Amino acid sequence: MSSAVHMVRSIGKKPVLKGALKALLLVLASLCAWYSGYLVTELIPDVHLSSTVHMVRSIGEKPVLKAPSPRRQKCDHWTQCPPNTYAYRLLSGGGRDKQAKICFEDKLLMAEKLGNIGRGINIAVVSYVTGKVIAARTFDMYAGDNSAPMTQFIQSAPAKSLLLMVTQDDGSTRLKAEARKAIEALGSKEIQNMRFRSSWVFLAARGFELPAGLPREKINHSDGAKNRYHGWPAEIQIEGCVPREPS
C-alpha cells in the first residue's frame with residue numbers, strides 16, 4: 001500500500017517540475033528579447049517616423065543625380081574665356097529704361113550704377129597691355145555739339161588700346177561726318193548706317209589688329225513695327241575673348 005502511494009506522489013511531481021521549468025525558460029526568453037530591443041534602440045539614432053517611412057519607400061528607387069550649379073564666368077559669359085585672353089561684353093541701351101553697360105575682365109567700366117553712362121555714345125578706353133581702363137566718357141549726340149570732342153577723344157587714345165563703344169537712346173542726331181569717319185577708320189562697318197535711336201555696339205583696336213572672327217560690332221535700328229519698345233530699338237550685345245599680347 002505504501003509503495004503505491006509513493007508512486008502516485010512521484011507521478012504527480014513530474015508535471016509540476018516541467019511546468020515550472022517552462023515558465024522559467026519563458027521568463028528568461030522574455031528578458032533576453034527585452035534586452036535585445038533595448039540595445040537596438042540605444043545603438044540606432046532617433047529618426048522621425050516620416051523620415052523612416054520615406055527611407056523604406058525609397059529603397060529600390062533610382063538615385064537622382066543633381067547637376068552642380070553652373071559656375072559664373074567673367075562678364076556673365078556663357079562659357080569661360082581661354083587663358084591669356086580678356087573677356088568683354090558690350091550691351092547697348094534699349095527702349096526708354098534699359099541702360100547700357102560696358103564690362104571688361106569682369107569689371108564694369110560704364111554702367112548706370114556707376115553713374116557714368118548716358119544718352120549718346122559711351123566710350124571706354126582700355127590698355128591692351130595691362131587690361132586697365134584709361135578713360136571713360138559719354139558724348140550726348142542729341143543735345144549740344146559733342147561730335148568734335150568725341151572725335152578728338154577717339155584719336156587721342158594711345159597706341160595699343162581697346163575702345164569699347166555703346167549707344168544709349170540716340171547716338172546719331174548730331175553725329176557729324178568727321179566723327180563717323182574716325183570710327184570707320186577703326187574698322188566699323190555700321191557707323192555710316194547709324195540712324196535716329198539705332199542701338200549700336202562696337203569694339204575697336206588702336207595700334208594693332210584684332211583677330212578675324214572676333215565679335216566686334218552689331219546694330220539694330222528703331223522700327224515701330226518690329227521692336228518691342230514701340231518705336232525704340234531693343235538692346236543688343238556682343239561678347240568675346242580678346243587674346244592678350246604675347247609676353
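**Ground rules.** I worked from a predicted model, where local features need pLDDT of at least 70, side-chain atom pairs count only at pLDDT 80 or more, and totals for chains, interfaces and linings use all residues. Residues are numbered from 1 along each chain as its sequence is written, and side-chain values use heavy atoms, with hydrogens and water left out.

**Ser172.** I found Ser172 in the loop between strand S6 (161–168) and helix H4 (177–184). Helices (H or I, at least four residues) and strands (E, at least two) are DSSP runs, numbered from the N terminus. Ser172 has 8% relative accessibility, so it counts as buried (under 20% relative accessible area; exposed is over 50%, partly exposed in between; 1.4 Å probe, protein chains only). I looked up its contacts (heavy atoms within 4.5 Å). Leaving out residues up to four places away in sequence, Ser172 touches Met141, Arg180, Met194, Arg195, Phe196 and Arg197.

**Helix H4.** I listed the buried residues of H4: Ala179, Arg180, Ala182 and Ile183. Down the axis of H4 they fall within an arc of 160° (directions from the helix axis to the C-beta atoms), so they line one face of the helix. They pack against helix H3 (147–155), S6 and S7. The face turned away carries the exposed residues Ala177, Glu178 and Lys181.

**Cores.** Of its 24 residues, Tyr88, Leu90, Leu162, Leu164 and Leu203 touch the most other members. A second, separate core of 20 residues includes Ala179 of the H4 list.

Key. A nonpolar core is a set of buried Ala, Val, Leu, Ile, Met, Phe, Trp, Tyr and Cys residues joined through side-chain atoms within 4.5 Å.
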